[in-house]
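Dear colleague,

I am passing on the structure below, together with some notes on what turned up when I went through it. Please read the notes with the coordinates open beside them.

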Amino acid sequence: MDDRVRDSGRPAHSSNMVAHNTPPLNEHEGLLEIRDVAKTYSGSGGEKVVFESINFRVSRGELVALVGPSGSGKSTLLRLILGQERPSRGELLLDGESLGYPDIRRGIVPQHYGLFPHLTVIENIILGDRLDCGWLDWRKNYRRLRERADEFLEAADLAAHRDRYPYQLSGGEQQRAAVMQALLKDPAIVLMDEPFGALDPGTRERMQVFLLKLWEERKKTILFVTHDLEEAVFLAPRIIALSPYNWQTNTIGTSRIVYDKTVRDRWRALSTESKKDPRFTETIEQIRDIAFEPDRKRQVGDFDDRHLSEFDTAGAEETRGGG
Amino acid sequence: MFKRKQYLFGIHADPPTLIAWCYRIAPFVAIIVLYHFISSAYLAENPDGKVFPSFAMMGERMWEMAFMRDIRAGSFPLWADTMASLRRLGAGILLAALAGLFLGLNMALFPGMRLIALPFVTSLSIIPALALLPILLIVFGFGDLAKVVLIFLGLTFYIARDIYSTTLEIPKELLVKAQTLGASEVALAYRIVLPLTMPRLIEAVRQSLGPAWLFLIASEGIASTEGLGYRIFLQRRYLDMATIIPYVAWITSLAFLFDRCLAYMSKQMYPWKR
């Protein structure tokens, strides 16, 4: 079991507790800290509470996948972290500092529109540096910055496409360039919003391996949002699942974190072969049961403990005990 | 199974290049031939008639306008008129494009600017610009300024609204991405969004060419001493269709040339905009 789950000084707890009894956060222990964050939208149809109290942290160098079914609020949470929206309550900290509007501390790789269509690949990659420079500085440092961008292009195997426009690239090439563009500015954390969601399965797998290698080499802090469990389990050592589904009470309501665990093990290699490992499938089923498929758990009595870890079974037992 | 190849009708029509060009030219040829017959018939009835001059009469008149110096003005009327009109048109369109771009882009990006300017721009864009012409003539006199201002007022708000909606359509992801790459608000507006809207600006200017010519010809017709519009309205008094028709054709050719130049420019400068 992950220390993150246990360091409250209590043994494993119910999934309810994950949301409400998250251990106190030590300053600077986590790079990104989400503290008691709530988000409510008000509209003509009344108030829509997306989530009431979200707590987690992401440490430096971690690759964390944030998963959840559609409507669970993972994109909302990402927008809050990115600074596109303000939380209704709570704090979002990066390196101990409160987060505000989007800035260079957070890189983003979205699913679509990852690259600027009017710039070539090399211009896209170098854009971050270019925006830093005045015209004179740019001319002075052009060669050095271009060489640096070329290195990034080489790393992404895009050197041959450096002078092409995004529309001339395949989906996978575009996303590789978008990842490198975000990395070039060396942000404290890279936020990825289903970056491979629009790719075909083959390209998607290659991109997953590409990202994993990149992360192994550079150890950037990455928060990877996806609704694809297989992708999440393959990529991320740690998975946080957000879900509006409460399997204990069999109700759907406000989203909360129902799963936060380090699943990475030695079995996961930098190869898609690891997807054949039974533990890989088991982990996916476990998260799916808890976060994704309310219908399968309509009867708590039907719950199959096989998929539950110590962390989750506590909650299941509580529910059973309570009737 | 494919049906017989369609050359003209049907949604799968795909004529060979030569035939396609014939199709393009056909309406022009038809109008010329039709006019020729009407003119011939008319002149056979009225040998001194002025309403439907022959092509030869029009050619002769245009030769005089283009290559015979006007004694009073000391210039070649066709070229002097063309230069005067293009000067006014160019200034009006250029100023309108710049102002429309600035207004539209900033209204879309900055909520404060939107609050101040959008209702104002929307209201002004509804006013028929030609209705302002008498006011402009009174305020700015009979010189170039009134005509340039008319074109400016007639186009600016249309272009501003066009750029405004184009800027709003830029995916939010790109704007956020630019900010995460270090773009300040000014850099975001003028180094990221501006280049993205430029192809649309050219398109908006292309679509404004028709109204721009309309404003120009109307204002020149009412108060001017030179210009293509002035000449057309002047010759109207003498029923000089041999001048008016070629002048209209000349204006059409200039407008067509402008349009093609802008389209070519857009294609060359913004190859990413497919």
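Which elements of chain A do the buried residues of H6(A) pack against? In this predicted model, they pack against strand E6, helices H4 and H5 (135–155), strand E7 (189–193) and helix H7 (201–218), each of chain A. Twelve of the 14 residues of H6(A) are buried, so the helix is largely enclosed by the rest of the structure; among the buried ones are A:Arg176, A:Val179, A:Met180 and A:Leu183. The length of H6(A), residues 171–184, agrees with expectation, because at 1.5 Å a residue it should span 20 Å and its end C-alpha atoms are 20 Å apart. After H6(A) comes A:Asp186, which has a positive phi, near 50°.

H4(A) is mostly covered as well, with ten of its twelve residues buried, including A:Ile122, A:Ile125, A:Asp129 and A:Arg130. The buried residues of H4(A) pack against H5 and H6 of chain A, and also against helix H8 (185–222) of chain B.

With best wishes

Definitions and conventions: Residues are numbered from 1 along each chain as its sequence is written. Chains are lettered from A and ligands numbered from 1 in the order in which they are written. This is a predicted model: local features need pLDDT of at least 70, side-chain atom pairs count only at pLDDT 80 or more; totals for chains, interfaces and linings use all residues. Helices (H or I, at least four residues) and strands (E, at least two) are DSSP runs, numbered from the N terminus. The expected span of a helix is 1.5 Å times one less than its number of residues. A residue is buried if 20 or more other C-beta atoms lie within 10 Å of its own, exposed if 12 or fewer, and partly exposed in between; C-beta atoms are placed from the backbone. Two residues are in contact if their C-beta atoms, placed from the backbone, lie within 7 Å.
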